[in-house]
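Please load the model in your viewer and keep the selection panel open. The stops below are meant to be taken in order.

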Amino acid sequence: MKYILEACVDSVQSAIEAEKGGAARVELCSNLIIGGTSPGRALFSQVRENTDLEIRVLLRPRFGDFCYDEYEFAVMKEDIQMYRELGADGIVTGILAPDGTLNMGQMKELIAEAGNMDMALHRAFDVSWDPFVTLEQAVSLGMKTILTSGQRNTAWEGRELLARLAEQSEGRIEILAGAGISPETIEKLLAYTKVTAYHMSGKVTKDSRMQFRRNGVSMGFPGFSEYEIWQTDAENIRKAVEVLESNLMP
């Protein structure tokens, strides 16, 4: 049975580690610490140059909700054109209307702009009004994937909905389980949900190379150290791939 292990990465080194570990593809973004935002041209180009991975690019112009004004939407359209020209394999995005359904008008414009690239619906799905309605909207748009935690904080907590989504999808769209994914949770989720596609960062916390350190100064979120680097670890990815292969390969 076919499986997918996708790594979400926000640096070239993380993408290299994901490839070493055996990931099938990456979701490339910036700022994973806030759930991810759209990456820049240079990051995409360097990942493409330094790996042979399939690259899906996150299209999310800012942190926060998924209801965008005309200026943010214009940025998204311009970005999607850039990613298409750069040769991205797919786009991962989502726009909601104020009532919690997919904004079908804006989504159709993005899909048209994407051309032949795959389109995946990101975790905007998890804050949508009705997951089964949203699934059918995504299918009607011709989207390839829904990334979801089952509308909970972690995929294990959302396992009941993930199982129902996998059943309703009937192979029409890939259900990609994400949030709190590890080799251990994959094994449990496989048995419970029958979902065969998983999304994980596989990150470890690495110590900064800085020798001089100015403590007590925060550049962003209070409480986060400026001297810790979050990075995908090849071994974490490899262990997840081994779980999938041992459970799904004939």
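Predicted model: local features only at pLDDT ≥ 70, side-chain atom pairs only at ≥ 80, totals over all residues.

Residues are numbered from 1 along each chain as its sequence is written, and side-chain values use heavy atoms, with hydrogens and water left out.

**Stop 1: salt bridges between strands**

A salt bridge here is a side-chain nitrogen of Lys or Arg within 4 Å of a carboxyl oxygen of Asp or Glu. A search of the whole structure gives 13 of them. Select Arg 25 and Glu 6, whose side chains form a salt bridge with an N to O distance of 2.6 Å. Arg 25 belongs to strand β2 (residues 25-28) and Glu 6 to strand β1 (residues 4-9), so the pair ties together parts 19 residues apart in sequence. Helices (H or I, at least four residues) and strands (E, at least two) are DSSP runs, numbered from the N terminus. Arg 25 and Glu 6 are both buried; buried means under 20% relative accessible area, exposed over 50%, and partly exposed in between (1.4 Å probe, protein chains only).

Next, select Asp 118 and Arg 56, which meet in a salt bridge at 3.4 Å, N to O. Asp 118 is in strand β5 (residues 118-121) and Arg 56 in strand β3 (residues 54-58), so this pair ties together parts 62 residues apart in sequence. Asp 118 counts as partly exposed at 22% relative accessibility, whereas Arg 56 counts as buried at 3%.

**Stop 2: helices α3 and α4**

Select Arg 84 and Glu 113, a salt bridge with its closest N and O atoms 3.2 Å apart. Arg 84 sits in helix α3 (residues 70-86) and Glu 113 in helix α4 (residues 104-114), 29 residues apart. Arg 84 is partly exposed at 34% relative accessibility, and Glu 113 is partly exposed at 25%.

What is the angle between α3 and α4? They pack at about 20°, with axes 9 Å apart; axes are lines fitted to C-alpha atoms, for helices over the stretch in contact, and angles run from 0 to 180 degrees between N-to-C directions. That makes α3 roughly parallel to α4. Residues of α3 in the contact (heavy atoms within 4.5 Å) include Phe 73, Met 76 and Ile 80, and those of α4 include Gln 106 and Leu 110.

**Stop 3: helices α1 and α2**

Select residues 12-21 (helix α1) and 41-50 (helix α2), which pack at about 30° with axes 9 Å apart. The contact is made by Val 12, Ala 15, Ile 16 and Glu 19 of α1 and Leu 43, Gln 46, Val 47 and Asn 50 of α2.

**Stop 4: the nonpolar core**

A nonpolar core is a set of buried Ala, Val, Leu, Ile, Met, Phe, Trp, Tyr and Cys residues joined through side-chain atoms within 4.5 Å. Select Leu 5, Ile 186 and Tyr 198: of the 62 residues in the largest core, these touch the most other members. Helix α8 (residues 234-248) supplies the largest share of this core, six residues. Around Ile 186, look for contacts including Ala 240, Val 243 and Leu 244.

Finish at Tyr 3, in the segment before β1, which is buried with a relative accessible area of 18%. The C-alpha atoms of Tyr 3 and Leu 244 are separated by 6.8 Å, although the residues are 241 apart along the chain.

Key:
Parallel < 35°, antiparallel > 145°, perpendicular 65-115°, else oblique. Lists of a residue's contacts leave out its neighbours within four places in sequence.
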